[in-house]
Amino acid sequence: MKVFGVLLLLLFGLACAIEDRSRGDRRNTKEILNENQKYANVYRKRKVECGQRQCAGSSSALDCVLRCVSEDCWISSHRDAILEEGEVDKREEKHKECFFAGLARESKEERDKLRERHKRSNSSSKTTWSGFFIIGAILLGQG
């Protein structure tokens with residue numbers, strides 16, 4: 001009977017250890033693509049809102065919209081605002097990259113906060129399980 005109890009405790013402990021294993025930040029390609037699509041949708045939505053609300057009738061509509069979408073990204077993408085004759089304007093693309101990077105940072109910070117909260121809640125459950133194993137070992141030792 002003792003052997004059965006010890007085996008049961010060991011199997012239960014192994015199951016708990018497998019369940020509590022940390023997963024880290026393992027995101028597959030599909031999740032990353034979905035996240036990028038989400039960023040593109042947010043960017044597009046903000047551009048439309050800004051164009052309709054704040055920049056309607058503006059003489060430099062694109063400039064106004066980009067500034068409205070993200071002031072910080074507008075500043076970084078328009079720092080060197082003077083274009084040479086015939087030069088292709090890549091400022092909108094730089095602005096978009098900056099905006100996406102900002103959303104990615106926010107998203108990572110949220111995932112890190114959730115992971116930390118999850119770790120804290122798991123650490124209390126590990127304490128509970130270790131107490132259970134100690135009590136089980138004492139009971140098996142007495143039997």
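Lys108 is partly exposed, with a relative accessible area of 41%, where buried means under 20% relative accessible area, exposed over 50% and partly exposed in between (1.4 Å probe, protein chains only). The model is a predicted one, in which local features need pLDDT of at least 70 and side-chain atom pairs count only at pLDDT 80 or more, while totals for chains, interfaces and linings use all residues. Residues are numbered from 1 along each chain as its sequence is written, and side-chain values use heavy atoms, with hydrogens and water left out.

The side chain of Lys108 meets that of Asp112 in a salt bridge (3.1 Å, N to O), a term that stands for a side-chain nitrogen of Lys or Arg within 4 Å of a carboxyl oxygen of Asp or Glu. Both residues belong to helix H5, where four residues, about one turn of the helix, separate them; helices (H or I, at least four residues) are DSSP runs, numbered from the N terminus. Asp112 is partly exposed at 29% relative accessibility, and a network of salt bridges links Lys108, Asp112 and Arg115.

By this rule the structure has five salt bridges. One of them joins the side chains of Glu35 and Arg111 (3.3 Å, N to O); because Glu35 lies in helix H2 and Arg111 in helix H5, this pair ties together parts that are 76 residues apart in sequence. Both Glu35 and Arg111 are buried. In another salt bridge, between Glu71 and Arg67, the closest N and O atoms are 3.2 Å apart. Glu71 is partly exposed, with a relative accessible area of 36%, and Arg67 is likewise partly exposed, at 38%.

Aromatic pairs, of which the structure holds three, are rings of Phe, Tyr and Trp (its six-membered ring) whose centres lie within 6.5 Å, with planes under 30 degrees apart counted as stacked, over 60 as edge-to-face and the rest as tilted. The ring centres of Tyr39 and Phe100 are 6.0 Å apart and the planes stand at 70°, so this pair is edge-to-face. Tyr39 lies in helix H2 (residues 29-53) and Phe100 in helix H5 (residues 91-142), and the pair therefore ties together parts that are 61 residues apart in sequence. For Tyr43 and Phe99, the centres are 5.2 Å apart and the planes at 55°, so the pair is tilted; Tyr43 in helix H2 and Phe99 in helix H5 are 56 residues apart. Tyr43 is buried at 4% relative accessibility, as is Phe99 at 6%. Ring pairs link Tyr39, Tyr43, Phe99 and Phe100 into a cluster.

Terms used:
Helix = DSSP H or I, 4+ residues; strand = E, 2+ residues; numbered from the N terminus.
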